[in-house]
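Please open the model in your viewer and keep the sequence beside it. The tour below goes from one selection to the next and says what is found at each stop.

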Amino acid sequence: MLPDAGTYHFPWEINSTSLPEGKAVRTYGRLHSYDMAISQAILTAQHASDQHCIPVCTKFVEPFQAQLGSLYIVLGETEFKDGEIIIKARVFTCVEGINLQLLEKAIEEQRKYFQERRKDHEGSIC
């Protein structure tokens, strides 16, 4: 059985929402640091005046060439470790050069589409 495709979450939603353990998620951020010895990367993202940090377990995607400061998209499952949420990466891709405003707009449009689709499905008789 294949794992879920993963729902997009903005970086600032990862720690502020109550995501269940084992939920497939997608998010993005700039690679702030990478510690190969413990297989952990830290992604960061700026939202309003806040800096958000997302720890990512990279054990399943190593080896990879870490490009500090570059933008990455991660797909993985949530896990709680020492009271903190961490994403266990299945895909960890450098997407430097992507237009972040367009990505965020695409995420919002996708959410709107799925919400409308869910409403239509709930309203149908079949």
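**A tour of side-chain contacts**

Begin by selecting Arg111, which is partly exposed, with a relative accessible area of 31%; here buried means under 20% relative accessible area, exposed over 50%, and partly exposed in between, computed with a 1.4 Å probe on protein chains only. Before going on, note that this is a predicted model, in which local features need pLDDT of at least 70 and side-chain atom pairs count only at pLDDT 80 or more, while totals for chains, interfaces and linings use all residues. Residues are numbered from 1 along each chain as its sequence is written, and side-chain values use heavy atoms, with hydrogens and water left out.

Helices (H or I, at least four residues) and strands (E, at least two) are DSSP runs, numbered from the N terminus. Glu13 is buried, at a relative accessible area of 17%.

Stay in helix 2 and select Lys112 and Glu109, which lie three residues apart, about one turn of the helix, and whose side chains form a salt bridge of 3.8 Å, N to O. Lys112 is partly exposed at 42%, and Glu109 is partly exposed at 36%. In total, the structure holds six salt bridges.

Which kind of aromatic pair do Phe64 and Phe92 form? A search of the whole structure finds five aromatic pairs, and the one made by Phe64 and Phe92 is edge-to-face, with 5.2 Å centre to centre and 70° between the planes. Rings of Phe, Tyr and Trp (its six-membered ring) pair if their centres lie within 6.5 Å, and planes under 30 degrees apart count as stacked, over 60 as edge-to-face and the rest as tilted. Phe64 lies in the loop between strand 4 (50-57) and strand 5 (71-81) and Phe92 in strand 6 (residues 84-94), so the pair ties together parts that are 28 residues apart in sequence. Phe64 is buried at 19%, and Phe92 is buried at 11%. To finish, select Tyr34 and Tyr72 too, as Tyr34, Phe64, Tyr72 and Phe92 form one aromatic cluster.

Terms used:
Salt bridge = Lys/Arg side-chain N within 4 Å of Asp/Glu carboxyl O.
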